[in-house]
Amino acid sequence: MTFKHKIYNYYKQLVQDRIDVFRDMIAALTEDSKNDAKGSAGDKHETALSMMHLEQEKLNAKLREVVQQKAVLDKINPEIVAEIVTLGSLVKANGIYLYLSLALPKINIDGVNVIALSPESPLGNKLMGNPVGYTFEIGTTNYILEEIS
C-alpha cells in the first residue's frame, strides 16, 4: 500500500468512525426519549423531552456535516497522480506533506506528519491547479511546491 493510500484510508476510517459515533448517540437519545415517555408526566417530562429533541437536532446536523465530508472523500481516487494539484493530491511544500481533501486533523503515518486541508483554505487555494516548482507567498512565508503524488 502506498503512502498516499495509507493517508486516504486513515481519513476514510476517521470520518466513518465519526459517522458511527453520531448515529450511536442519536439512537441512544431516541431510546432514552422512548423510555422517558413511559414513566414521566408533567412539565419536568416535557422539558426533558424538549432538551433531548434539541440535542438530537444538533447531532443530526453534525451527522449531516460528516456525511458530506465522507461524500468528498468518496470522490477521491488515491490511484490518480496528476501533473497539477487536484482534489486528492498529496503534495510536499517546504518539507510539509499536505493532503488536499478536507480540513481534518493532522496525522502521523509511517513517522511522517500529514496535514489534511481543504482546497478552499488559503493554502489549498494557492496550491490547486499548480505544478511542481510553483512558488507562492502566504503572509510572510514563501512556499515552493516540491512534489505531487
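Visitor: What are the ground rules here?
Guide: This is a predicted model, in which local features need pLDDT of at least 70, side-chain atom pairs count only at pLDDT 80 or more, and totals for chains, interfaces and linings use all residues. Residues are numbered from 1 along each chain as its sequence is written, and side-chain values use heavy atoms, with hydrogens and water left out.

Visitor: Why is Gln69 called buried?
Guide: Buried means under 20% relative accessible area, exposed means over 50%, and partly exposed is in between (1.4 Å probe, protein chains only). Gln69 has a relative accessible area of 13%, so Gln69 is buried.

Visitor: Where does Gln69 lie, and what does Gln69 touch?
Guide: Gln69 lies in helix α2, residues 43-74. Helices here are DSSP runs (H or I, at least four residues), strands are runs of E (at least two), and both are numbered from the N terminus. Contact means heavy atoms within 4.5 Å. Leaving aside residues up to four places away in sequence, Gln69 touches Val15, Arg18, Leu102, Ala103 and Leu104.

Visitor: What makes Leu29 buried?
Guide: The relative accessible area of Leu29 is 15%, so Leu29 counts as buried. Leu29 lies in helix α1, residues 3-39. Not counting residues up to four places away in sequence, Leu29 touches Met52, Glu55, Gln56 and Leu59.

Visitor: How far is Leu29 from Val81?
Guide: In sequence, Leu29 and Val81 are 52 residues apart. In space, the C-alpha to C-alpha distance is 44 Å.

Visitor: What is in the largest nonpolar core?
Guide: A nonpolar core is a set of buried Ala, Val, Leu, Ile, Met, Phe, Trp, Tyr and Cys residues joined through side-chain atoms within 4.5 Å. The largest has 23 residues, and Ile7, Tyr11, Tyr99 and Val114 have the most contacts inside it. At least two residues of this core come from each of α1, α2, β2, β3 and β4. Helix α1 gives the most, with eight residues. Apart from this core lies another, of twelve residues, including Val85, Leu100, Leu117 and Tyr143.

Visitor: How do you know that β3 and β4 pair?
Guide: Two strands pair if DSSP finds at least two bridges between them. Four bridges join β3 (residues 104-109) to β4 (residues 112-117), and the strands run antiparallel. Leu104 stands opposite Ala116 in β4.

Visitor: What joins β1 to β6?
Guide: Three bridges join β1 to β6 (residues 141-148), and the two run antiparallel. Leu145 in β6 is the bridge partner of Ala93.

Visitor: What is the strand order in the open sheet, and which strands are at the edges?
Guide: Six strands form the sheet in the order β3-β4-β2-β1-β6-β5, with mixed pairing. The edge strands are β3 and β5 (135-138), each pairing on one side only.

Visitor: What makes the phi of Asn94 worth a look?
Guide: Most residues other than glycine have a negative phi. Asn94 is not a glycine, yet has a positive phi of about 55°. Asn94 is found in the loop between β1 (90-93) and β2 (96-100). At 32% relative accessibility, Asn94 is partly exposed.

Visitor: What about Asp110?
Guide: Asp110 is not a glycine either, and has a positive phi of about 55°. Asp110 is in the hairpin of β3 and β4, which has two residues between the strands. With a relative accessible area of 54%, Asp110 is exposed.

Visitor: Why is the pair of Phe3 and Tyr97 called edge-to-face?
Guide: Rings of Phe, Tyr and Trp (its six-membered ring) pair if their centres lie within 6.5 Å; planes under 30 degrees apart count as stacked, over 60 as edge-to-face and the rest as tilted. The structure holds five aromatic pairs. Phe3 and Tyr97 are 5.7 Å apart centre to centre, with 75° between the planes, and form an edge-to-face pair. Phe3 lies in helix α1 and Tyr97 in strand β2, so the pair ties together parts that are 94 residues apart in sequence. Phe3 is partly exposed, at 22% relative accessible area.

Visitor: How do Tyr10 and Tyr11 pair?
Guide: Tyr10 and Tyr11 are edge-to-face, at 6.0 Å centre to centre and 85° between the planes. Tyr10 is partly exposed, with a relative accessible area of 39%. Tyr11 is buried, at 0% relative accessibility. Tyr10, Tyr11 and Tyr99 form one aromatic cluster.
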